[in-house]
Amino acid sequence: MSIKTLLIGLDGATFSVLDPLMEQGVMPFLQSFFAEGARAGLRTIVPPLTPPAWTSLMTGRKPGQHGVFDFFSMDSPTSRHIRFFNSNDVQCDTIWTLANAHGLRTTTLNYPAMFPPPHIAGYVVPGWVPWKQLRLACWPADLFDKLKTIPGFNQREMAMDIKLEEKATEGISDHASDLGPWIDLHARREQNITHVLKYLSAEDPSDLTAVLFDGVDKLQHLCWRYLRPEDDKPLTEDWELQLREMSIKYFRCLDSLLQQLCAMAGPEATVVMASDHGFGPTYDVLHINTWLERNGYLTWSEAAQSRDTQGALLGVGQVAKHTWLMDWEKTKAFATTPTSNGIYIVVSDGTTPGVPKSEYEGFRRKLMDDLRQIRDLQTGERMVTEIYTREEAFAGPHCASGPDLTLILRDGGLVSILPSPETVSKRPMVSGSHRPVGIFGARGPNIRKGLISSELSILDVAPTVLYSLGVPIPEELQGKVPEEIYVEGHLKNNPVRKAAAGSASHGQETAPAPSELEDEEVVLERLRELGYIE
Amino acid sequence: MRLKRGEILDYLLHKLGELTEDWDYAEPVRSESLLFHELGFESLDAVVLCTAIQEHFQTPMPFAELLADIGQNQRDLSVGELADFVNTHLGAPADAAVATRRPQ
């Protein structure tokens, strides 16, 4: 058996960072990859966020169809408690299960929403798992023991090390001595992941082989200033220039790993490269719950007013504290996480506080009108450029689980959910934040060479991967095979096969779902990992 | 047949023994061992372990309540206490709130 399709995920990759690096000779392999294949911008779903976006890539469906909306979800449409996402939240087939259902083997490394691991033919090493528990997360059950026999295997640098992530995001002083080792760690982590994938592929290759490198996202969050100094004041200090060099070194390392993986797959394999969203600079902070409070939609609890709720840089860790930060007798709308820019409306069932169902539409419309009036105090520019209702963003069977409103801010940034003296503030320095357009690339025997395609959708990746494997594409997938990326005549001679809706439905057999997580520390640690510093 | 508390404890000790061996943790894991202060668990480690326990016993259990209590009261959890918790909830009717959500 050989690899038919290699899927390489680059979390948060954007051409605005990669193109200059290719032009500067930092990523010569990537440059040749695009020259020998096709490339396109890849528009993601709303919101442009890791868990829902990667799940859309893996399923070919939007969040209202697959059921993942954020790092956290409300425990139920009427609950105020949140829990961390996991693989049991994915309510439909994935490319892994669909390939498996057609007798193909799959190896997948470091993808989110994969723990508990699906019991598929092949290998699974989930992403977003702490290193100490990696043994419990791998599939099949004896995989971890196999990994330990790989010369040079480093468990600690393969999976998440929360303590190291905390050190980087918590105590960062923007000095090379703090941030530098963290950047190097991510280069080593990508090397470890590549090392494992090469070993497994040599021993027991899979038809569909997939790997996700998430250091790209992390570096762009914390090191945007060093990757794109043109977005802020020039770099002048030695340590600033050193951090730029270290950031570039990470991408040089990544380029080498991409080359190794493509060589491993061989010239007959189709290689698909994709990111879950793009990236760009962010300068503002919209303190959304403070704004809601000042406009009569939210009331802080007495505890919120009497306790230190800022917690220095770790404000994001307070995400689970919303249950005590707000006075639930009076609050009618609130944001519960700083990751998805979602606002929930508290709806009364007739006996509980909140907005009566009969007044919901009017209430929501007024809230949207008010949100559109939030302005930059200096320029008068609107802060909120788009607002999606739940029905617009999340149509589908799981619509009710999404936030009532999702905001898009003028600089693509994220909201703060903490109490603040002001509703809008400036970041001390430019930071990286998610954008809707990421990257797509493909190379293989039937892929056009040197094509720069018009923008594709992240929903197109699953059909593209399935087509490359010869797997029929279920009717219910919301993306399409992008015809323009194939050489002339290929699709005519090899037409896309469709499968009737619901014909796959093998689902992911996994462990029982972990119960709702109210432990604020869990939330805090995961968000620290993200680098969402407010 | 319903498992005895001793069998549950044996399973937990065995599983934690395997894990700690991976970390080069020198001390033996005992019923009295504390997950956070002795074994160095982060909260996320506990979440993953709890999920693995549910998978092993194929029974949803209200671990959220346990973890929330630990977080709220800033207390630790011994392996023995964890065995007690599992023992209490094995065979208990599944709570709808923690029932497994399967694709389709």
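Let me start with a working definition: two strands pair if DSSP finds at least two bridges between them. Helices here are DSSP runs of H or I with at least four residues, strands are runs of E with at least two, and both are numbered from the N terminus.

A word on what you see above: this is a predicted model, where local features need pLDDT of at least 70, side-chain atom pairs count only at pLDDT 80 or more, and totals for chains, interfaces and linings use all residues. Residues are numbered from 1 along each chain as its sequence is written, while chains are lettered from A and ligands numbered from 1 in the order in which they are written.

So, on to the sheet in chain A. Its four strands run in the order β10-β11-β15-β14, open and with antiparallel pairing. At the edges sit β10 (333-334) and β14 (384-389), each pairing on one side only. Helix α15 (residues 360-372) of chain A packs on this sheet and touches β10, β11 (342-345), β14 and β15, with a direction about 165 degrees from that of β14(A). Contact means that C-beta atoms, placed from the backbone, lie within 7 Å. Axes are lines fitted to C-alpha atoms, for helices over the stretch in contact, and angles run from 0 to 180 degrees between N-to-C directions.

Now look at β15(A), residues 405-409. Five bridges tie it to β14(A) in the antiparallel sense; Ile387(A) stands opposite Leu407(A), and Thr389(A) opposite Leu405(A). On β11(A), two bridges make the antiparallel link to β15(A), and Gly342(A) has Thr406(A) as its bridge partner. Is β15(A) enclosed or open? Four of its five residues are buried, so β15(A) is largely enclosed by the rest of the structure. Buried means 20 or more other C-beta atoms within 10 Å of a residue's own, exposed 12 or fewer, and partly exposed in between, with C-beta atoms placed from the backbone.

Let's finish with a helix pair in chain A. The axes of α10 (residues 215-227) and α11 (residues 238-265) of chain A come within 10 Å and cross at roughly 150 degrees. Residues making the contact include Leu219(A) and Cys223(A) of α10(A), and Leu243(A) and Arg244(A) of α11(A).

Thanks, everyone!

Definitions and conventions. Contact = placed C-beta atoms within 7 Å.
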